[in-house]
Amino acid sequence: MVWWKYLAAMAGVCLTLGGCQAPEDSFATGKAFDTGNSTSGIQLASARMPSGRQVMPPYGYIGFCLRDPKACEGGTDAPRDIAMNAQKWAELNKVNDWVNQNVPEYEDRQLFGRSEWWTVADPKIGGDCEDLALLKQKMLEKRGWPAEALSIAVVREWNGAGHAVLVVATDRGDVVLDNKTWKIEPWKDTPYTWVKKQSRKRPYVWVSLDPAKPARLADASLPPLGAEPPFLTAARRVTTASKEARMQKREESAGLRSTMTDDESGAGARAKGDLPTATLSLN
């Protein structure tokens, strides 16, 4: 059973949750870009980040999509890498530096009174790691960067704490934008254990980054392009069923529905001969 079928069964739980988180392993090489700024010495040479099998998205991301479905739409069957050059490199650093320097960092509980409440950070209010990563993703998309090259990833720090970063797929390898550092680095040079990230083909699908969990017909089981995220469909069904149950309860409380007790009391009861009968036609 793929993750989204399991999610459909768990949609009732997901409604209450809100959240700080190409299969080939080809090697890309390239020289450092001389952009004339403090980041000009970075060496963009990184192994392509391997993608494993589909896994459950972070609960905070599911809550984010339930509140803002359009933010999780889209996808492609032919993901594009960013063709990195000096101009793109400077733009990437500009966005990363601006968010890291200007957006205050606060935990979800400080801002929303609950944990794992994912949202695009409001620069005036701030946010935690995944909120800042979502803001960087949105800012780059507005500047024309392809969405399939910008993936939120969940990692584990040395002490076991969860963390979220933005991964950018370039023709020089996958690099990481992190609110904990000004330096944009190849993913293998970061001090993290990689857990999972957004699929480049469907943003609402997440894939494992654990080498022990290899891909397992991941592409074959992807929802078709343009399809609604399965957990949104499941959540709507749960919401509709819940509304119908509440309406039925209100009607019964108001005496708008007859009950067996009313019928059995004898008041206005029909004689057995007056009961409607079903007729089975053999013709």
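Predicted model: local features only at pLDDT ≥ 70, side-chain atom pairs only at ≥ 80, totals over all residues.
Let me start with how far the model can be read. The mean pLDDT of the chain is 78, and 69% of its residues reach 70 or more. Over residues 1-6 the pLDDT is below 50, although this stretch has 13 contacts in the model beyond near neighbours in sequence. Residues 8-19 also have a pLDDT below 50, and there the model shows 30 contacts beyond near neighbours in sequence.

Let me turn to helix α4, which covers residues 86-102. Which residues of α4 are buried? They are Trp89, Leu92, Asn93, Val95, Asn96 and Val99. Seen down the axis of α4, these buried residues fall within an arc of 160 degrees, and therefore they line one face of the helix. On the other side of α4 we find Gln87, Lys94 and Gln101, which are exposed. The cover over the buried residues includes α6, β5 and β6. At the N-terminal end, asparagine 85 caps α4, with a side-chain oxygen lying 3.1 Å from the backbone nitrogen of glutamine 87.

Just after α6, glycine 144 takes a positive phi of about 95 degrees.

Now for the strands, with β4, residues 150-156, as the reference point. Strand β4 is mostly covered, as 6 of its 7 residues are buried. What are its partners? With β5, strand β4 pairs in the antiparallel sense over 7 bridges, and within that pairing valine 155 has histidine 163 of β5 as its bridge partner. The hairpin of β4 and β5 has 5 residues between the strands, and in this hairpin glycine 160 takes a positive phi near 90 degrees. Strand β4 is also joined to β8, residues 193-198, by 4 bridges, and these two run antiparallel. Here the bridge partner of valine 154 is lysine 196 in β8.

Let me close with two single residues. Threonine 76 is found in the loop between α3 and α4, and it is buried, with a relative accessible area of 18%, which falls under the 20% cut-off for that word. The side chain of threonine 76 reaches the backbone nitrogen of alanine 78 at 3.1 Å. Not counting residues up to four places away in sequence, threonine 76 touches Glu148, Arg200, Lys201, Arg202 and Leu225.

The other residue is glycine 60, found in helix α3. Is glycine 60 buried or exposed? Glycine 60 is buried, with a relative accessible area of 0%. The C-alpha atoms of glycine 60 and serine 115 are separated by 8.5 Å, while the two residues stand 55 residues apart along the chain.

Terms used. Residues numbered from 1 in each chain as written. Heavy atoms only, no water. Expected span 1.5 Å × (residues − 1). Buried < 20%, exposed > 50% of the residue type's maximum accessible area, 1.4 Å probe, protein only. Arc of directions from axis to C-beta. Contact = heavy atoms within 4.5 Å. Polar contact = N/O pair within 3.5 Å; in protein donor to acceptor, adjacent residues only side chain to side chain. pLDDT = per-residue confidence, 0-100. Pairing = 2+ DSSP bridges.
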